[in-house]
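Colleague: Please pick one part of this chain and take me through it closely. Then set it against the rest.

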Amino acid sequence: MLAITQAEEAMGDWRLNDCTLYVTKEPCPMCAGAIVHVRFARVVFGANDPKGGAAGSALNLLQFPGLNHRCDITRGVREEECRQLLLTFFTEQRAKNEKVRKQAESN
C-alpha cells in the first residue's frame, strides 16, 4: 500500500495505467483490490501464495471479469530468490519476537 501511495505521488495521479508493479510475493486480496483500483497495467511477482494469493493462486482478482480493470500478470520471476527472501525475513522476525518475549518474561 505504501508503494502504491508513493507511486501515485510520483506520477501526480491516482491512476497508474502505464505502470508495472514488481513484488516478491503474489498480492493478497486487499492489495489486489488496491492494484485494480489504481489500474496498474501489469503486476510481476516471484513467489506464488497458494493459500491467499489473489493473482491466480487462490483466486484472481487482478483479472476478475466483473471489475472495471484487469492487469496483465507475470508469475514466477526470480521465484526461488523471492521465496528465500521471504523465508529469511520471516525467520528473522520470529527470532526477534521470541527474543522480545523472553526479555519481557525475565523482567
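Modeller: Start with Arg78, in the loop between β3 (72-74) and α3 (79-106). Keep in mind that this is a predicted model. The phi of Arg78 is near 50 degrees, a positive value in a residue other than glycine. Arg78 counts as exposed because its relative accessibility is 58%, and the cut-off for exposed is over 50%.

Arg39 is not a glycine, yet its phi is about 70 degrees. Arg39 sits in the loop between α2 and β2, just after α2. Its relative accessibility is 24%, so Arg39 counts as partly exposed.

Helix α2 covers residues 29-38. Its buried residues are Ala32, Ala34, Ile35, Val36 and Val38. What lies over them? The cover includes α1 (2-11), β1 (20-25) and β2 (42-47).

The largest nonpolar core has 17 residues. Ile4, Leu16, Ile35, Phe40, Val43, Leu62 and Cys71 touch the most other members. The largest share, five residues, comes from α2.

Take Leu62 from that list. Set aside its neighbours within four places in sequence.

Now the whole chain. It has three helices and three strands. Along the sequence they run α-β-α-β-β-α. Of the contacts between residues at least 6 apart in sequence, 50% join residues at least 24 apart.

How does the chain compare with a compact globule of 107 residues? Such a globule would have a radius of gyration near 13 Å, while this chain has 17 Å. The C-alpha atoms fill a box of roughly 55 × 30 × 25 Å along the principal axes. Of the 107 residues, 25% count as buried.

Last, the surface and the charges. The chain exposes about 7100 Å², with carbon and sulfur atoms supplying 55% of it. There are 14 positive and 13 negative side chains. The centres of the two sets lie 4 Å apart.

Key
Residues numbered from 1 in each chain as written. Predicted model: local features only at pLDDT ≥ 70, side-chain atom pairs only at ≥ 80, totals over all residues. Heavy atoms only, no water. Helix = DSSP H or I, 4+ residues; strand = E, 2+ residues; numbered from the N terminus. Rg over C-alpha atoms; globule rule 2.2 N^0.38 Å. Buried < 20%, exposed > 50% of the residue type's maximum accessible area, 1.4 Å probe, protein only. Contact = heavy atoms within 4.5 Å. Areas by Shrake-Rupley, 256 points an atom, 1.4 Å probe, with all protein chains shown as cover. Lys, Arg positive; Asp, Glu negative; His and termini not counted. Charge placed at Lys NZ, Arg CZ, Asp CG, Glu CD. Core = buried A, V, L, I, M, F, W, Y, C linked by side-chain atoms within 4.5 Å.
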